[in-house]
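Please keep the sequence and the coordinates at hand while reading.

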Amino acid sequence: MRLLWFHLMPYTELPDDFVERHGSVWVDIDPALFDARIGHELYNEFLDELEEAAELGFDGICVNEHHQNGYGLMPSPNLMAAALARRTRDAALVVMGNSIALYDPPTRVAEEFAMLDCLSGGRLIAGFPVGTPMDTCYAYGRNPSTLRSRYHEAHDLIVKAWQADAPFAWNGRWNQQRYVNVWPRPIQKPHPPIWIPGGGSVETWQWCARQDYVYAYLSYFGYQAGRAVMQGFWDEMERLGKDKNPYRAGFLQFVGVAESRAEAIDLYRGPAEYFYGRCLCVDPRYAAPPGYTTEATLRAKVVSQVAQAAQRADQQRRAFVAPSFEEILSKGYVIVGSPDEVAEQLRTVATELNVGQLMLLLQFGNMRRDLTGYNTELFAKRVSPQLRNLFDDTWENRWWPRPLAGEARATPRGIAS
Amino acid sequence: MAAPAGRGGPCDAAGHRVVTTPRERTARVNGEPCRVWEAGQGEPIGFLAGLFGLTRWTPFLERLSRTRRVVVPSLPGFPGGRGHEQLDDLPDWVAATLDLLEAADLRGADLVGASVGGTLAAEAAAFSPGIARRLVLVAPFGLFDEAEPVADVWAQRADELPALLAGHPERVLEQLAPAPGADPIECHIESVRAMAAAARLLWPTCDRGLNKRLHRIRIPTLLVWGSADRVVPPSYARRFAERLGGPCSVRLLEGAGHRVDLDAPEALVDAILGG
């Protein structure tokens, strides 16, 4: 299986009274809470962590896009990926991804991803999320009722632009360009692997199957909550006559490793409470712009009375309620333990959910350099070896980058001190 | 399709009697069905409804239909109307509105538009001067002043929206409740669709450039606002009045919120008929 190191790049210094005094981590987060000196430290520290993960042998390093968000400091993940391309050699660069409906014209994404693929020698994985309501509709002002239509057109345009052997005119519903001609071109032919981060909608699963893309379920709520979604995904693949190749699926899991479970609980309690107690304090007003969810998905979601009741309770909840650390552990949001315990649990997760592309959040909440490094190193040296060979004897990973051979690769110079 | 009036009982939450069952027919706009309700005798008057549209005949329409032949076409995406997902930009919406008004035989009639319906009534009148003889705009969207912004109706908690829209939130809830025998899931989806249609036209600030076209409206126009409108502040009446190109008057209805038609049905009818 593939083990990928995923960074959200959270701001680590949200105050203790954040929920009571500020109350919103996304869209209208208090600008006064951002200290640019800390921002300077964090960006450099976080890039170091990603580089170290690559050196320690993780198969891929992942960055993603969020806007006006206190737990995601990457409005432009492409900037981070560009920095990483120069300082890593073998790891896949997973940009997970660019919300393509936000860019006018979307060929900007085709260009930047082509640049990254060239710069990295063909190591790019191109993620195309629709984007959350908070990022797209509220922060970027995109119309929820036209977002998906724009997304699909942007995808078609980008993929065509990467492959066209001559300039072409695009007279679309949302984009008109008389001369589309992406220059530079990606190294990987016909284009870099495309992964689709998504929620649990049937339409997304069907689309991934039709396009033969990886479906990545990026939830912060762990394998227990993810089980039903991944079961739905695989049921749909079977219905569509697709094989059960686990590399069709990506999954995100928070993990904290230590020498013992007791030590892990001691070390990761604070960061987990910080993430689930502060970083997920999203105002529900920004969660469901009308038109963002298709009517088919809406119908499927509200069809059970139980789901309806839960949704109502959710909508009417006035105060944000942080889960306790015990709940975080018992519900499997975060897996903690000794290397053997974590390996055992992740083996179960990967097998049960049938996931070949496992993305790991080994920095979460307010974890700083030392703890993140400890977690990453323990995982790389004592967990990865126990998982690495899973699936490889049975399935081919057709959704992985095909970089240039070693001798064709440029060598960036070191940094002058 | 929503149940005709009367089926849910003879009174609404406020005790207004609603006994009329409107005649119903279907107009086609871009090939999609749009419901047209009609009741009463006399000079025709059209009504384009606001946020959430109309799921039932209301006391406001009941009272207006005692004096006039009231024609109520449903805009695409609002209850009874389909096809909003074909409408990508303002010209698409204006053309659809003109098609709908013409299919409802309302060209040249008096036209009342409330909230989102008021925006489209104004746009229709600006683009096609003969579409209406006289205009009544009830708390229309369409302008945006940063110093006194229009509320973001698409960023509200579900349980707080009714009180934002009306001084009598129970009347909003009554409009949104499933009719007897109706599927509650489809009813919920219908209300989400109506909000999505409004968003499709007006997201994110409700300003689609109407301020550059209001001067083209030269027919007599009455602006009606609820004094307690928490969505489009009553001061917007002045902003509209300053820009309109023809004779206009302003009526402020004391205590009413954004859904003037639900909060103050009698006073709204009196304003329309007396203006």
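Axes here are lines fitted to C-alpha atoms, for helices over the stretch in contact, and angles run from 0 to 180 degrees between N-to-C directions. Helices (H or I, at least four residues) and strands (E, at least two) are DSSP runs, numbered from the N terminus. The model is predicted, with local features needing pLDDT of at least 70 and side-chain atom pairs counting only at pLDDT 80 or more, while totals for chains, interfaces and linings use all residues. Residues are numbered from 1 along each chain as its sequence is written, and chains are lettered from A and ligands numbered from 1 in the order in which they are written.

**Helix packing in chain A**
- Helix H4 (residues 107-119) and helix H6 (residues 147-163) of chain A have axes that come within 8 Å and cross at roughly 45 degrees.
- H4(A) is therefore oblique to H6(A), given that angles under 35 degrees count as roughly parallel, over 145 as roughly antiparallel, 65 to 115 as roughly perpendicular and the rest as oblique.
- On the H4(A) side the contact (C-beta atoms, placed from the backbone, within 7 Å) is made by A:Thr107, A:Val109, A:Ala110 and A:Ala114, and on the H6(A) side by A:Leu157, A:Ile158, A:Ala161 and A:Trp162.
- By class, this contact of H4(A) with H6(A) has seven nonpolar residues, one polar and no charged, where Ala, Val, Leu, Ile, Met, Phe, Trp, Tyr, Cys and Pro count as nonpolar, Asp, Glu, Lys and Arg as charged, and the others, Gly among them, as polar.

**The sheet of chain B**
- Eight strands of chain B form an open sheet of mixed pairing, in the order E1-E2-E4-E3-E5-E6-E7-E8, two strands being paired if DSSP finds at least two bridges between them.
- Strand E1 (23-29) and strand E8 (248-253) of chain B stand at the edges with a single partner strand each, so one side of each is left without a neighbour in the sheet.
- From one strand to the next, the twist averages 20 degrees.
- Strand E5 (residues 109-114) and strand E6 (residues 132-138) of chain B pair in the parallel sense over six bridges, and B:Ala109 stands opposite B:Ala132 in E6(B).

**Helices on the sheet**
- Helix H3 (residues 116-127) of chain B lies across strand E3 (44-48), E5 and E6 of chain B, running at about 140 degrees to E5(B).
- Helix H7 (residues 236-243) of chain B lies across E6, strand E7 (221-226) and E8 of chain B, and runs at about 170 degrees to E7(B).

**Between the chains**
- The contact takes 18 residues from chain B and 20 residues from chain A.
- On the side of chain B that touches chain A, the residues divide into 11 nonpolar, two polar and five charged.

Notes. Contact = placed C-beta atoms within 7 Å.
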